[in-house]
Amino acid sequence: MQLSRRLALCLAALAPLAAHAQQPATTYPDKPVRIIVGFPAGTGPDIVARLLAQKLSEGWGNLGVIVDNKPGAAGLIAASEAARAAPDGYTLMLGETGQLSIAPSSYAKLPYDPAKDFVPVSQVVTSDFMLLVNPQKVPARNVKAFVDWSGKQGNLFMATFGAGTPGHFGAYMFGDAVKLKPEPVHYKSTGDAMSGIFGGDVQGVFASAGLAAPNVKSGKLVALASTGAQRTPVLPDVPTFKEQGYANLAFNSWFGIVAPARTSSDIVAKLNADIVRAMHSPEGRKKMEEAGFQVTGTSPQESARIIAADTATWGKAVAATGFKAD
């Protein structure tokens, strides 16, 4: 009887602790969340991150979502920092195709492992590329005319926003499709690359639809073609490469949220649900589409599948060029 009484007392004493263990210590998130972006302010990844941050912050009671730009090395500096962050859900990264699917083939020694150091949360948007030229420097107004004109020049210099980026290998794929050998000119920033095309130092550039749209609509640049499977809504008058006879020249880039490896599945699920809700809200979708992006908002599993599939696809493109960043 005495033993039973002691056992009952012990169980009563442990009950509050057991109840506490079953409940999370805090409700995530309960403090500002940081999204690391590997590119400068005003670039496509930055635009996406800031639009997403605004919608998430609103959904979290204006708790605060900070976009932290860490440009350099085609996004590798940011990815390295994000990979080392605490897996508590308060440091995330807006990853993109180059950092997560191209870099493994481009670099012999990466300072992070995309497959092991991150857990995919959700792909957020995709973006088609536009082949842009300066109308003051290049007379062509369609792809065939550009190819003919470039062939007569002897050299075709194509700007890129950094070695190992989708636009870099897009230039190679373009050259292979049209039987030219473009010389990629790697710029340190988007602004520098755009200055190069405005100044006539390069003849063309593959830029995201979001970056291309204001320059095309203002008449500063001309878009000769889109790399999308269909025309891009933000520039509906620009025909695709497929429409102009280059059926195999189709590629795009994507941006998605990833968290450091070992982030709890509960936090990943919470983030995914809130991101998908934010992106598929009428205002969230409208703002992304106005900026030139196509909203996706995938599950973590689908995001992981896309990253893996693109790693294989871009790996073939990298191998075909023989390019090695280091």
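The lining of the largest pocket comprises 15 nonpolar, 15 polar and 2 charged residues, where Ala, Val, Leu, Ile, Met, Phe, Trp, Tyr, Cys and Pro count as nonpolar, Asp, Glu, Lys and Arg as charged, and the others, Gly among them, as polar. The model is predicted: local features need pLDDT of at least 70 and side-chain atom pairs count only at pLDDT 80 or more, while totals for chains, interfaces and linings use all residues. Residues are numbered from 1 along each chain as its sequence is written, and side-chain values use heavy atoms, with hydrogens and water left out.

The largest pocket holds about 460 Å³ of space. Of the 32 residues that line this pocket, Phe-39, Pro-45, Phe-161, Thr-165 and Thr-190 are the closest to its centre. On a 1 Å grid over the protein atoms alone, a pocket is an open set of points with protein on both sides within 12 Å along at least five of seven lines, a cavity is a set of points where a 1.4 Å probe fits but cannot get out, and lining residues have an atom within 4 Å of a point. Grid points are joined across faces, edges and corners, and a volume is the space filled by probe spheres set on the points. Two or more lining residues come from each of α2 (44–59), α7 (166–178), β7 (204–208) and β9 (252–260); helices (H or I, at least four residues) and strands (E, at least two) are DSSP runs, numbered from the N terminus. The most is given by α7, with 3 residues.

Helix α7 also gives the most to the lining of the second largest pocket, with 5 residues. That pocket contains about 240 Å³ of space, and its lining divides into 8 nonpolar, 2 polar and 1 charged residues. Among the lining residues are Phe-169, Tyr-172, Met-173 and Asp-176.

Not counting residues up to four places away in sequence, Met-288 touches Val-48, Leu-51, Leu-52, Val-124, Val-125, Met-279, Phe-293 and Val-295, contact meaning heavy atoms within 4.5 Å.

Helix α10 has 16 residues and reaches 22 Å from its first C-alpha to its last, close to the 22 Å expected at 1.5 Å a residue; the expected span is 1.5 Å times one less than the number of residues. Its buried residues include Ile-267, Val-268, Leu-271 and Ile-275, buried meaning under 20% relative accessible area, exposed over 50% and partly exposed in between (1.4 Å probe, protein chains only).

Strand β9 contains Val-258, which is buried, with a relative accessible area of 3%. Beyond four places in sequence, Val-258 touches Leu-92, Met-93, Leu-100, Phe-118, Val-119, Pro-120 and Val-121.
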